[in-house]
Amino acid sequence: MALTIMDNKQRYGAVSRLLHWGMALLFVWQFSGAAARVFFEDSALESFLWGTHRTVGVLLLSLLVLRVIWALANASRRPKSVSIMATFGHLALYGLMIAVPTIALIRQYGSGRSLEVFGITLIPGFEGEPISWMTDLGGLLHGELGWTLLALIAGHIVMAFLHRKLTHHDVLTRMA
């Protein structure tokens, strides 16, 4: 099968697949760091993985923006969804992929601490009291919605295999 850049009705193109699988690997890294933070607190593993959490989060959000732009540009060419539930599942995934890092950025700003990624200051710090509604929002929702995103990702993977086995829709080969 020829490698095509653009999506078509049968399968996703090289750019869509690169964004999908690249983000998948970054999510594995991100959730490994979060799990290490919970289960291996104050360990070398936690320090190694957690130290990249903000940088990987910003990278994931940036790739998501590119992915949405690419998806919109290819909307008329893309394979059709296999069901309305698959459409809702993907919308939920995208919604959480936007909400989780956005809430983290709000919390970061409200804390008064700067955020630097790859040597670039994205959020300057400030003196004075933290902005409590911003930090409270992040404290309340970032982690919980992050774990919800992980559950949806796991469901996404399971459904790709179930579609193949139960409905004979080989959706995995469209993205592989």
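Helices (H or I, at least four residues) and strands (E, at least two) are DSSP runs, numbered from the N terminus. This is a predicted model, in which local features need pLDDT of at least 70, side-chain atom pairs count only at pLDDT 80 or more, and totals for chains, interfaces and linings use all residues. Residues are numbered from 1 along each chain as its sequence is written, and side-chain values use heavy atoms, with hydrogens and water left out.

View 1. The C-alpha trace spans about 55 × 35 × 30 Å along its principal axes. Of the 176 residues, 32% count as buried (buried means under 20% relative accessible area, exposed over 50%, partly exposed in between, with a 1.4 Å probe and protein chains only). Contact here means heavy atoms within 4.5 Å. Among contacts between residues at least 6 apart in sequence, 68% join residues at least 24 apart.

**View 2. Asp42 sits in a loop and has a positive phi.** The loop that holds Asp42 runs between H1 and helix H2 (44–50). Its phi is about 65°, although Asp42 is not a glycine. Asp42 counts as exposed because its relative accessibility is 71%.

**View 3. Phe118 is another residue with a positive phi that is not a glycine.** Here phi is about 55°. Look for Phe118 in the loop between strand S1 (115–117) and strand S2 (120–123). With a relative accessible area of 63%, Phe118 is exposed.

**View 4. Helices H1 and H5 cross each other.** The axes of H1 (residues 14–39) and H5 (residues 132–167) come within 11 Å and cross at roughly 130°. Axes are lines fitted to C-alpha atoms, for helices over the stretch in contact, and angles run from 0 to 180 degrees between N-to-C directions. H1 and H5 are therefore oblique to each other (angles under 35 degrees count as roughly parallel, over 145 as roughly antiparallel, 65 to 115 as roughly perpendicular and the rest as oblique). Their crossing is left-handed, a word used if the near helix is turned anticlockwise from the far one by less than a right angle. Among the H1 residues that meet H5 are Phe27, Phe31 and Val38, and the H5 partners include Trp147, Leu150 and Ile153. The contact of H1 with H5 has nine nonpolar, three polar and no charged residues (Ala, Val, Leu, Ile, Met, Phe, Trp, Tyr, Cys and Pro count as nonpolar, Asp, Glu, Lys and Arg as charged, and the others, Gly among them, as polar).

**View 5. His20 is a buried residue of helix H1.** His20 has a relative accessible area of 14%. Leaving out residues up to four places away in sequence, His20 touches Arg67, His156 and Met175.

**View 6. H4 and H5 are roughly antiparallel to each other.** The axes of H4 and H5 come within 8 Å and cross at roughly 155°. This crossing, too, is left-handed. The contact of H4 with H5 has 17 nonpolar, ten polar and one charged residues.

**View 7. The largest nonpolar core has 14 residues.** Such a core is a set of buried Ala, Val, Leu, Ile, Met, Phe, Trp, Tyr and Cys residues joined through side-chain atoms within 4.5 Å. Those with the most contacts inside the core are Met23, Phe27, Leu60, Met97, Leu149 and Ile153. H1, helix H3 (53–73), helix H4 (84–111) and H5 each supply at least two residues, and the largest share, five residues, comes from H1. Leaving aside neighbours within four places in sequence, Leu60 is in contact with Met23, Leu26, Phe27 and Gln30.
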